[in-house]
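User: Hi! Could you walk me through this one?
Analyst: Happy to, here it is.
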Amino acid sequence: MADSSFDIVSKTDKQEVSNALNQAAKEISTRYDFRNVGASLEWSGETILMKANSEERTLAVLDVFQTKLVKRGVSLKSLELSHDGEPQLSGKDYRLEATLKDGISQENAKKISKLIRDEGPKSVKSRIEGDELRVTSKSRDDLQEVQRLLKGADLDVALQFTNYR
C-alpha cells in the first residue's frame with residue numbers, strides 16, 4: 001500500500017480579509033461611538049491601516065476588525081500588528097498597522113516537525129519543503145492523529161491541512 005500524506009500550510013484568504021475589512025469599515029462609519037473621532041480602516045498597499053484621534057478609539061477599530069475576521073473564519077494568528085499592538089501618534093492621529101502572515105517560517109516549521117517527532121505516532125515522518133511541511137505515513141489514522149495533535153497544540157501560526165492523499 002502506498003504512503004498517505006498531507007501538507008501543513010499557513011495561508012490567509014485575502015478575499016475573506018478584504019470582506020471583513022469592508023464590513024468593519026462600514027460598521028465604523030455608522031456607529032455612534034466612532035462619530036467625530038476620525039476613525040478609519042483601510043488597505044494601504046499590503047498593510048491594513050487603522051486610524052483614529054485617540055489611542056482607545058484606534059484599539060476599538062482594531063477590536064471591530066478582529067471581530068469581523070473571526071466571523072469570516074480568518075484566524076487572528078495570521079494578523080501581525082506593528083509596534084506590539086500599540087497605536088503610534090502620527091501628526092494628530094493615532095495609527096496602527098497590521099500585516100498578514102503567509103507561510104510557515106523555518107523556525108516554526110522546525111518547532112512543528114519536532115512536535116510531530118516527539119509526540120506523534122512513530123510511523124509518521126515530516127519534511128520541511130520551503131514554507132510548508134509534508135507529513136507522510138502508511139496509516140491514515142496516524143495522519144489524523146497528527147492533525148488532532150497540531151490542532152490542540154498552542155502554536156503561534158495559523159495552520160491548514162491540504163493535499164490529503
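User: What pattern does the protein chain follow, read along the sequence?
Analyst: The order is β-α-β-β-α-β-β-β-α-β-β-α-β, with helices (H or I, at least four residues) and strands (E, at least two) taken as DSSP runs numbered from the N terminus. This is a predicted model, where local features need pLDDT of at least 70, side-chain atom pairs count only at pLDDT 80 or more, and totals for chains, interfaces and linings use all residues. Residues are numbered from 1 along each chain as its sequence is written, and side-chain values use heavy atoms, leaving out hydrogens and water.
User: New topic: which residues have the most contacts inside the largest nonpolar core?
Analyst: Phe34, Leu41, Ile48 and Phe65, in a core of 23 residues. Such a core is a set of buried (under 20% relative accessible area, 1.4 Å probe, protein chains only) Ala, Val, Leu, Ile, Met, Phe, Trp, Tyr and Cys residues joined through side-chain atoms within 4.5 Å.
User: And which element gives the most to this core?
Analyst: That's α2, with six residues. Apart from this core lies another, of 17 residues, among them Ile8 and Leu159.
User: How much of the chain is buried?
Analyst: Buried residues make up 40% of the 165.

Key. Buried means under 20% relative accessible area, exposed over 50%, partly exposed in between (1.4 Å probe, protein chains only).
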